[in-house]
Amino acid sequence: TAWLKAHYPAHFMAAVMSADMDSTDKVVTLIDECRNMRLKVAPPDVNHCEWRFTVQADNSIDYGLGAVKGVGQAVIAELVDERNQRGPFTDLFDLCARMGGKKINRRVLEALIRCGSLDSISPGRAQCMASLAEAVARAEQQTRDQAAGQDDMFGGAAPTAAVPVPYLDAPHWDEEQRLAGEKETLGLYLTGHPINRYRKELGELVSHRLADLQADSTRSARAAGLVVAIRVMNSRRGRMAALTLDDGSARIEVVVYSDVFQRV
């Protein structure tokens, strides 16, 4: 594996992330490792990505759609098959029209929007979410028309996606809302991190990134991270907690013993 990582770094990392894409904590660490290796990890995209993480000609890594929470393998297989047979999707309305009745529902579409996989074919995630109900309704109407054998006046089934449909207007999501959507659907912050706004101040306060901490070190260290999970427990000495910290480079679990927990 060391030889593969040295000589085929993009393919090696894509394979490892594909093998571990059900474990968000591992994916976070592996994506940071890609950044350290100067490998680009492109965000999810319905027109480029496959079920697994894949490598492009320029050695960039396309995000695996299988790592999007709430999107099953059967749906992605249908999506990729439709894309390969009839070409890239042009917008949200085209995607809904062509995928209507193929195991894709509103919940799946919302996950694809929130993770950013429609960014390349839409004016923005907010506009996609605002227009989703209309896009789904048009696709359902097309499916009903086809089932009823309804043709247009020239004898062919009317192509719903032939005429561009305008998106409903909506204010663009701010960074906090955009990152929250990524966290919900990918389990991690991909295009940024909420802690980035504090990087300058933290640079004067911490001694290590989370990824640089060593469990067997006898030296003390000062680190910081966003609390992404907390589990409170009862012990013989009182309540204590286990925190999951995330600073964009890694995730670690920190035990907060009862005396500290009560104090802070």
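Q: What makes β1 and β3 (residues 61-62) a parallel pair?
A: In this predicted model, β1 and β3 pair in the parallel sense over two bridges. Two strands pair if DSSP finds at least two bridges between them, so β1 and β3 count as paired. Strands here are DSSP runs of E of at least two residues, and helices are runs of H or I of at least four, numbered from the N terminus.

Q: Why are β4 (226-235) and β6 (251-256) called edge strands?
A: Their open sheet of three strands has the order β4-β5-β6, with antiparallel pairing. β4 and β6 each have a single partner strand, so one side of each is left without a neighbour in the sheet.

Q: Why is Y8 called partly exposed?
A: Its relative accessible area is 45%. Buried means under 20% and exposed over 50%, with partly exposed in between (1.4 Å probe, protein chains only), so Y8 falls in the middle class. You will find Y8 in the loop between α1 (2-7) and α2 (9-19).

A quick note on the numbers: residues are numbered from 1 along each chain as its sequence is written. Local features need pLDDT of at least 70, side-chain atom pairs count only at pLDDT 80 or more, totals for chains, interfaces and linings use all residues, and side-chain values use heavy atoms, leaving out hydrogens and water.
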